[in-house]
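Please open the model in your viewer and keep the selection tool at hand. The tour below goes from one selection to the next and says what can be found at each stop.

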Amino acid sequence: MEKFKLNNGATIVIAECSSKELSVSVTVNVGHVNEPKLGIAALYENVLMKQVSRVQTVYGGTVTSFFTGCEKEELEMTMSKMANLIKAPHLGSDLIQAAAFDIVEHTRDLAPLVKRQMKLLYKHTAFGKKRVLWDAESYINAIESYGAPDLKEFADKYTGKNLVVVVAGGHVGKDEVKTLAEKYFGDIPAGERQRVQKSIYTGGYNLIPSDGSYRQILLGWDVTEIKGSSSANVMMSMLSKRLERSFNEVYDPVRNVKIPRPTDAQIEVKIAGYYGRRTLRISVTSSQLSTNEMLDIVCQNVSRLQNTEASERRMETSKQWAMSEKLWLFSQPQPAAVETAWQLFGKGEMYDINDRINYIWNVSAHEVKIISREIFAAPLTMVLYTNEPHYSYKEVQEKLK
């Protein structure tokens with residue numbers, strides 16, 4: 001991986017990966033979390049997408065990435081297309097109205113979906129002091145109120161100091177990329193670097209009343225400033241597999257063994273949400289288990305991580321999973337490009353992925369326990385979908401220790 005800066009502050013990254021097709025991405029240091037007006041980032045992104053073909057948008061909260069692929073001989077045309085998306089967007093009223101209509105229809109389609117509502121509520125609970133349910137109609141009203149002047153004001157944030165351009169693929173021509181980057185991105189105004197509020201994560205509790213069909217819990221912790229990411233990667237792999245087993249077995253006190261007990265529980269352990277402010281999020285859904293049963297199983301496993309060092313066998317399998325996940329991530333141009341851009345915006349440099357992967361093999365059980373204590377000491381975000389009595393936020397905090 002090689003990077004350099006243009007005179008206007010734009011960062012250009014050249015990365016080789018296994019893909020035969022080239023991937024060109026432009027990431028902007030402004031998104032849905034740090035937008036100045038409700039919904040304006042989504043509207044502007046939708047307007048841009050109506051002007052180009054074969055371009056995908058990936059939302060990262062405090063960043064937004066635009067991706068496309070091309071053959072090697074199409075690189076100059078593609079770089080020009082992506083630069084013009086930043087430099088010369090069309091903001092005609094017909095385009096704006098069409099984009100607003102799409103967003104309104106999409107919002108109304110998704111508004112009744114519980115998992116969508118839970119993710120939105122999780123985001124607003126974790127990243128803000130307002131403990132309010134997502135208001136789809138307020139969002140729609142805001143989207144429909146914006147015109148060209150509003151979008152032009154927002155477009156002015158797409159400046160050199162807020163851009164990371166990544167060209168990835170097999171055997172990338174570095175000299176050619178540098179020449180094309182200067183030619184097409186070098187005349188974008190430098191502008192002012194967008195800053196993200198460091199204290200944006202708050203944690204907290206919220207609830208959506210269930211209709212009784214199934215229950216969901218979302219538990220999360222801020223991991224933005226966590227050091228020792230290799231240890232955290234191993235810990236997450238270990239936690240994910242332990243939860244999978246715990247939700248599908250039960251302890252038999254008579255025989256002093258665990259026996260299979262298949263359930264419909266769906267478990268997810270991931271780094272969620274928003275580049276710039278990341279959380280470790282655990283999600284469990286079930287129509288068979290009670291809310292407290294789900295909370296108990298998660299809390300028991302989190303507590304175990306903090307208080308007991310894993311066996312050598314468990315460490316080996318967890319490290320294998322963690323390394324495989326990292327290798328997969330960085331073999332894919334799009335997630336690799338977003339990760340690179342966030343690291344450059346958030347921390348000023350990109351870590352060496354080979355060093356990160358190699359160190360996974362050296363992670364000890366003691367390091368996993370220490371990183372677990374650090375992560376789970378952060379304020380808890382707890383969002384539930386249930387209609388039954390359940391542990392309080394404070395009770396769950398105590399169970400997690």
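**A tour of the salt bridges**

In this predicted model, the count of salt bridges comes to 16, taking a side-chain nitrogen of Lys or Arg within 4 Å of a carboxyl oxygen of Asp or Glu as the rule.

Select lysine 178 and glutamate 2 to begin with, whose side chains meet in a salt bridge with 2.9 Å from N to O. Lysine 178 belongs to helix H7 (residues 174-185) and glutamate 2 to strand E1 (residues 2-5), so this pair ties together parts of the chain that are 176 residues apart in sequence. Lysine 178 is partly exposed, at a relative accessible area of 31%, and glutamate 2 is also partly exposed, at 24%.

Next, select glutamate 153 and lysine 37, a salt bridge in which the closest N and O atoms are 3.6 Å apart. Here glutamate 153 sits in helix H6 (residues 148-155), while lysine 37 sits in the loop between strand E3 (22-28) and helix H1 (40-49), and the two are 116 residues apart.

Finally, move to helix H10 (residues 312-331), where glutamate 316 and lysine 319 are 3 residues apart and therefore separated by about one helical turn. Their side chains meet in a salt bridge of 3.6 Å, N to O. Is lysine 319 buried or exposed? Lysine 319 counts as buried, at 6% relative accessibility, whereas glutamate 316 is partly exposed, at 33%.

Conventions. Residues numbered from 1 in each chain as written. Predicted model: local features only at pLDDT ≥ 70, side-chain atom pairs only at ≥ 80, totals over all residues. Heavy atoms only, no water. Helix = DSSP H or I, 4+ residues; strand = E, 2+ residues; numbered from the N terminus. Buried < 20%, exposed > 50% of the residue type's maximum accessible area, 1.4 Å probe, protein only.
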